[in-house]
Amino acid sequence: AKLVDRFAEKKDLGGRDFKLRTVDDYNSILHFTVNDASATEIEYSCYERTEFINDRYHINMVTVEVEKPQETLRNNEIAGIYEYDLVFPHPKDGIATLAASGCLADMNALTELHLDQDWWLQGLVKNYVTNGRLYYASSDAAIVSQALVGMIYNINLYRQFNYTEDLYQTVYAGDWTMEMLGQMVVDTDVSMDGAASANRTYGLIHHSSLTYCMTYAMEQPILQQNNDGSFTFAYDPERMTSIAEAAYDLFFTAEDNVLRGDSQNLDFGTSEIWMTFNSGRGLFMTFDIGQTYTHLRGLRFDIGYLPMPKLDTNQQEYHVFCGSGLFAIPAHAPSVSDSALVLEAYSIYSNEHVKPDFFEIIIGGRLSENPEDYEMLNFLHSIKYFDVGFTLDQDGEIFNMLHRAVFTYENPGMIPRLITQSKGAYEKIEELANNIS
């Protein structure tokens with residue numbers, strides 16, 4: 001039987017509107033409606049998902065955008081208006097307030113959700129449990145709206161530099177580390193053609209705004225959960241200093257081999273960092289595969305996909321940072337169990353159809369023709385790491401610490417001082433996390 005038939009029974013919900021409350025124009029991200037004439041491949045795939053769910057449960061899925069989601073839901077509850085079936089909130093704005101308000105159902109308690117299955121991201125199911133309850137979860141249903149921060153590399157250039165190691169197998173063997181990447185950057189030839197920097201080929205192109213993701217890749221979250229379910233600040237000065245030293249060595253040991261720059265998603269395509277990689281003059285690049293994948297379609301050379309490296313081989317697991325794509329269920333939805341049932345089916349369909357379609361678009365070809373790329377992308381998606389501390393770090397004082405130590409001060413030894421200076425910020429984050437009950 002199909003997975004959706006095994007895990008999410010078919011049910012007639014009477015033809016009613018099934019409302020998902022969102023912010024920030026998430027309707028366009030989830031693609032509930034689409035103009036067939038102008039739809040992209042992924043928009044049409046998401047549209048077909050909505051149509052499947054509408055038909056299976058005899059509903060009309062719609063999104064309702066509000067400016068202040070936590071206030072809207074709370075005010076509606078006070079007024080006795082229970083109209084929302086699902087919540088798809090902004091990843092940072094009001095998350096803690098909404099969870100602490102009593103407005104959300106405990107997803108761990110809903111038997112309609114099979115949170116141990118592949119279509120649910122285990123990194124969030126594990127890390128977002130607060131006092132035994134789970135108010136937010138993320139599934140393959142959110143894959144099109146999520147970050148997937150890792151690295152891409154130019155396979156043609158990799159071969160030109162006479163590298164022969166299969167990097168995918170290196171990753172799977174657990175040997176992809178900061179030291180290995182750093183040595184390859186050092187060994188990369190730099191073509192200057194005199195003084196013309198426009199002809200330079202870089203071993204590494206770094207999107208500087210993704211520096212904080214390296215902290216997570218090297219297994220350092222902001223908060224850690226204790227055995228009793230409480231949260232404490234997790235930054236260990238010694239480990240964070242080691243992480244900063246590894247990052248500093250990567251970027252400054254062969255500084256001429258590294259191009260650093262920043263860009264927002266809207267102007268990424270015209271940024272120096274992307275145009276340099278696009279012209280074939282970058283071996284490795286830190287890259288948000290999930291949010292900026294459309295730029296990959298125009299490349300004239302083959303690329304591969306990698307996680308950001310581990311700190312060293314003593315680190316057991318890779319981690320891909322992700323902080324968005326959260327679903328929640330209102331505690332007073334028209335029917336909490338129906339909300340859970342529809343979300344489960346929505347997630348299963350996404351796992352079987354939308355995710356493969358999305359990866360085909362990233363790869364630029366059929367998955368059957370690129371099985372190793374699909375396997376790697378699926379691996380990166382499966383190891384997405386979610387941190388309650390990131391969600392609560394509203395001003396970025398904590399998660400931007402690595403960037404400040406490495407690039408602002410150019411001194412990894414600043415880490416202990418920066419941690420001390422951030423005491424007020426991390427104590428507030430601890431308090432917010434531990435007030436969610």
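Where does histidine 58 lie, between which helix and which strand? The legends below take up this residue and others in a predicted model.

**View 1. Histidine 58, a residue with a positive phi.** Histidine 58 sits in the loop between H3 and strand S2. Strand S2 covers residues 60–65. The phi of histidine 58 is about 50 degrees, a positive value, although the residue is not a glycine. Most residues other than glycine have a negative phi. Histidine 58 has a relative accessible area of 40%, so it counts as partly exposed.

**View 2. Asparagine 162, in the loop between H7 and H8.** Helix H7 spans residues 155–160, and helix H8 spans 167–172. Asparagine 162 lies in the loop between them. Its phi is near 65 degrees. That is a positive value in a residue other than glycine. Is asparagine 162 buried or exposed? Asparagine 162 counts as exposed because its relative accessibility is 65%, and the cut-off for exposed is over 50%.

**View 3. Serine 45, a buried residue in helix H3.** Helix H3 runs over residues 41–57. Serine 45 belongs to this helix. Its relative accessible area is 4%, so serine 45 is buried; the limit for buried is under 20%. Which residues does serine 45 touch, leaving out those up to four places away in sequence? They are His353, Val354 and Asp357. Serine 45 and aspartate 357 are 312 residues apart along the chain. Their C-alpha atoms are separated by 7.1 Å.

**View 4. Glutamate 397, in the loop between H15 and H16.** Helix H15 covers 388–392. Glutamate 397 is found in the loop between this helix and H16. At 31% relative accessibility, glutamate 397 counts as partly exposed. Neighbours within four places in sequence are set aside here. Glutamate 397 is then in contact with Arg404, Gln421, Ser422 and Ala425. How far apart in space are glutamate 397 and methionine 151, C-alpha to C-alpha? The distance is 25 Å. In sequence, these two residues are 246 residues apart.

**View 5. Helices H11 and H16, packed at an angle of about 45 degrees.** H11 covers residues 237–252, and H16 covers residues 401–408. Their axes are 10 Å apart. The angle of about 45 degrees makes H11 oblique to H16. H11 passes H16 in a right-handed crossing. Which residues of H11 meet H16? They are Ile243, Ala244, Ala247, Tyr248, Phe251 and Phe252. On the side of H16, the partners are Leu402, Val406 and Phe407. The residues of this contact comprise 9 nonpolar, no polar and no charged.

**View 6. The chain as a whole, with 18 helices and 14 strands.** The close-ups all belong to a chain of 437 residues. Its C-alpha atoms fill a box of roughly 70 × 50 × 35 Å along the principal axes. A compact globule with 437 residues would have a radius of gyration near 22 Å. The chain has 22 Å, which agrees. Of the residues in the chain, 58% count as buried. What share of the contacts with a separation of 6 or more comes from residues 24 or more positions apart? Such residues account for 77% of these contacts.

Key
Residues numbered from 1 in each chain as written. Predicted model: local features only at pLDDT ≥ 70, side-chain atom pairs only at ≥ 80, totals over all residues. Heavy atoms only, no water. Axes fitted to C-alpha atoms, helices over the stretch in contact; angles between N-to-C directions. Helix = DSSP H or I, 4+ residues; strand = E, 2+ residues; numbered from the N terminus. Parallel < 35°, antiparallel > 145°, perpendicular 65-115°, else oblique. Left-handed = near helix turned anticlockwise from the far one by under 90°. Contact = heavy atoms within 4.5 Å. Nonpolar A, V, L, I, M, F, W, Y, C, P; charged D, E, K, R; others polar. Rg over C-alpha atoms; globule rule 2.2 N^0.38 Å. Buried < 20%, exposed > 50% of the residue type's maximum accessible area, 1.4 Å probe, protein only.
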